[in-house]
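Open the structure in your viewer and keep the selection tool at hand. We will go stop by stop.

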Amino acid sequence: MLEIRNLHARAGETEILKGIDLTVRAGEVHAVMGPNGSGKSTLAQVLAGHPAFEVTEGSVLYDGRDLLDMDPEVRAQAGLFLAFQYPVEIPGVTNAYFLRAALNEIRKARGQEEVDPIEFLELVDQKLKLVDWGPEVMSRQVNAGFSGGEKKRNEILQMAILEPRLAILDETDSGLDIDALRIVAEGVNRLRRPDNATILVTHYQRLLNYIVPDFVHVLYDGQIVKSGGKELALELEAKGYEWLTGEAAPA
Amino acid sequence: MTSTLAPGVRAASPVPGPSTASASYLAAFEQSKIALNGEPVWVTDRRRLGIEAFRATSFPTARDEDWRFTNVAPIAQRAFRRAGAPLRVVPGQLDPFLLGSPVGSRIVFLNGRLAPAWSSIGRLPKGVKLGSLSRALAVDSVPLERFLGRFAGVERRPFAALNQALFQDGACLYLPPNVHLEAPIHLLFITDAAAGAGVVSPRNLLILDRGARASVIETYASVNDGECFTNAVTELVLRPGAAAEHIKLQLDGERAFHVGSTQVHQGQGSRLHSFAITFGGALARNDLDVALEGSDSECQLDGLYMARGRQLVDNHTSIRHLHPRCASREVYKGIIAGSAHAVFNGKVFVAPEAQQTDGKQTNRNLLLSDDAKVDTKPQLEIFADDVKCTHGATVGRLDELGLFYLRSRGLPEPAARKILTYAFAAEILEQLPLPELRERLEGLVMSRLDVEPR
């Protein structure tokens, strides 16, 4: 589904990704871990088409298409979804308006009929249960005045409604208390299907107690320095990142 | 104070050149012989004060601080001609400007003249007076003498001065003490621009006695293409404890000029919620002056302006805190596209006796193109020591991160821009107290964004 080859990217003059290789197949869950500043979030954002980053080398194929040649909205219409580390507040626009507009764009791209506001609310009703929310959240303004945990839940709600084929969760666990983490993880687990895939970008092993990955990759200084199965995450938990990076543990 | 004349030359007599238009206004006044039409002498006297004030200044120029960014040459170069009778206004043409069921009373003026066929006065509580100002002056002018022209200063206000000299008609509302009007009153000023480049001078006098409450919507719009000039003045008097919502919608056509002045006098404990929604016109200038003339009074001023093409939209507001414990809130937001130019000037004055004043003023502007321009100037003048006053102004572009967020959910870039631009305006629209009006305006903003060039 996703083939990343020798991906280099920079923000301004700073090179952040220095040759990433990663293959993700349908049905798989990959965890990308690494210390702060290793390039995890950059990788997630580059895949979604964030304009702050420039790809200088390498290629990314998504279902055989050149992902890097697609605008962010085309990527989304093709089934890619990024759950933001810092979801953006859009005061003045309701969740209902925003999500229906987004869903209809994606449905159009798939050759499906648009949904009207009533059909949309029926559809959303089931999705809300996934994140343990009532319908009132749909009339709230997008992320405006949401707590950190609510913003992350709202990302998962969006994911549930838009039904991506490839979901990239960027530090979705950070800043969540244990209850919120459970809700978010439960949402992600119930959205897993044999024909979709998930990339979890995370600093901590904690999330992986709830969402069990098929593969774990350790990113350091813009490169994947180690890949393994889910047991690699436990090893990281026990030993920290230093044994892989050769740096002393921070005080 | 500015003049287009050489030093020492009085503008009393018509002179050739740029002031020909001024002279035409002065001549129009002399020829109007209004007093002979049965108007009370005190009204004629006030008209005379107006024309003398205008004679002293003529039209403002860029050297006048209040008009630095707004060149009124397109108005000042045209000789005065009272707008002719409307030519071909057909029923459907007014539909976009009408409001449905929640409106209790509607008074329509076509090219400055009362249009009874379009107007309807709903059931009003006892003692409420609502109708045409010229008729009120003809029938029983005595109660109006202490209000009309008392609050709209004419000194160094050339357009208000001209309106006072030349006004034809407008609405007159009186609410007796403690009367609450549930349904809003809609005043609709329509100019048939095809009738020729004439001048319309609406004059409204709205008086809410002690503890009375009402919502008044003033809509200014033009139909049929052509040049026209509306020079409006509204005086709104809130006696102690009164509360008003005042909504001014300026929806004129592309070749219209609009200069409007709203003067509000607030007594003790009164409350004002004002909206100024300005979308139309080649040149639109709103002056909103609120005098908090009694303690514990409050005003909230919300404004939204959208300009595109080569439009010039200028909002000047002033809030004068003259007594203790008054609060003012002001939020004006502007969306400027194309080669349009917006001006905001917001003055908050706090007199020495106005202790415990609470004032907050914000002006935010969104520029949608490289050629769009804004001049914003919030001004605080504080002479009391125990006050809480803040002000701020911003000029910015659409948030790139917000755009990316929306696009990452599948929304194409133009749609994402439209949603973010709409969201910018929504903060003001959400404040509108009348749901139907709010929906109308939301639709209007959306439809303008559809064709908005980036």
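Angles between axes run from 0 to 180 degrees between N-to-C directions, and the axes are lines fitted to C-alpha atoms. Keep in mind that this is a predicted model.

**Stop 1: two helices in chain A**

Select α4 of chain A, residues 117-130. At what angle do the axes of α4(A) and α5(A) cross? They cross at roughly 135° and come within 9 Å. Angles over 145 degrees would count as roughly antiparallel, and 65 to 115 as roughly perpendicular. So α4(A) is oblique to α5(A). The crossing is right-handed.

Now show the residues that meet. From α4(A), pick A:Val124, A:Lys127, A:Leu128 and A:Leu130; from α5(A), pick A:Leu157, A:Ala160 and A:Ile161. By class, this contact has six nonpolar residues, one charged and no polar.

**Stop 2: the sheet of chain A**

Select the open sheet of six strands in chain A. Read across it in the order β6-β9-β10-β3-β11-β12; the pairing is mixed. Which strands stand at the edges? They are β6 (80-83) and β12 (223-228) of chain A. Each has a single partner strand, so one side of each lacks a neighbour in the sheet. From one strand to the next, the twist averages 20°.

Zoom in on β3 (29-33) and β10 (197-202) of chain A. These strands pair in the parallel sense, over five bridges. Find A:Val32: opposite it, in β10(A), is A:Val201.

**Stop 3: where the chains touch**

Show both chains. Here 21 residues of chain A are in contact with 19 residues of chain B.

**Stop 4**

Select the open sheet of ten strands in chain B, which has mixed pairing. At its edges stand β2 (113-114) and β20 (387-396) of chain B. Inspect β10 (243-251) and β12 (271-278) of chain B: they pair in the parallel sense over eight bridges. B:Lys248 has B:Ala276 in β12(B) as its bridge partner. Finish with α7 of chain B, residues 413-429, which packs on the sheet and touches β14, β16 and β18 of chain B.

Technical notes:
Residues are numbered from 1 along each chain as its sequence is written. Chains are lettered from A and ligands numbered from 1 in the order in which they are written. This is a predicted model: local features need pLDDT of at least 70, side-chain atom pairs count only at pLDDT 80 or more; totals for chains, interfaces and linings use all residues. Two residues are in contact if their C-beta atoms, placed from the backbone, lie within 7 Å. Helices (H or I, at least four residues) and strands (E, at least two) are DSSP runs, numbered from the N terminus. Angles under 35 degrees count as roughly parallel, over 145 as roughly antiparallel, 65 to 115 as roughly perpendicular and the rest as oblique. A crossing is left-handed if the near helix is turned anticlockwise from the far one by less than a right angle, and right-handed if clockwise. Ala, Val, Leu, Ile, Met, Phe, Trp, Tyr, Cys and Pro count as nonpolar, Asp, Glu, Lys and Arg as charged, and the others, Gly among them, as polar. Two strands pair if DSSP finds at least two bridges between them.
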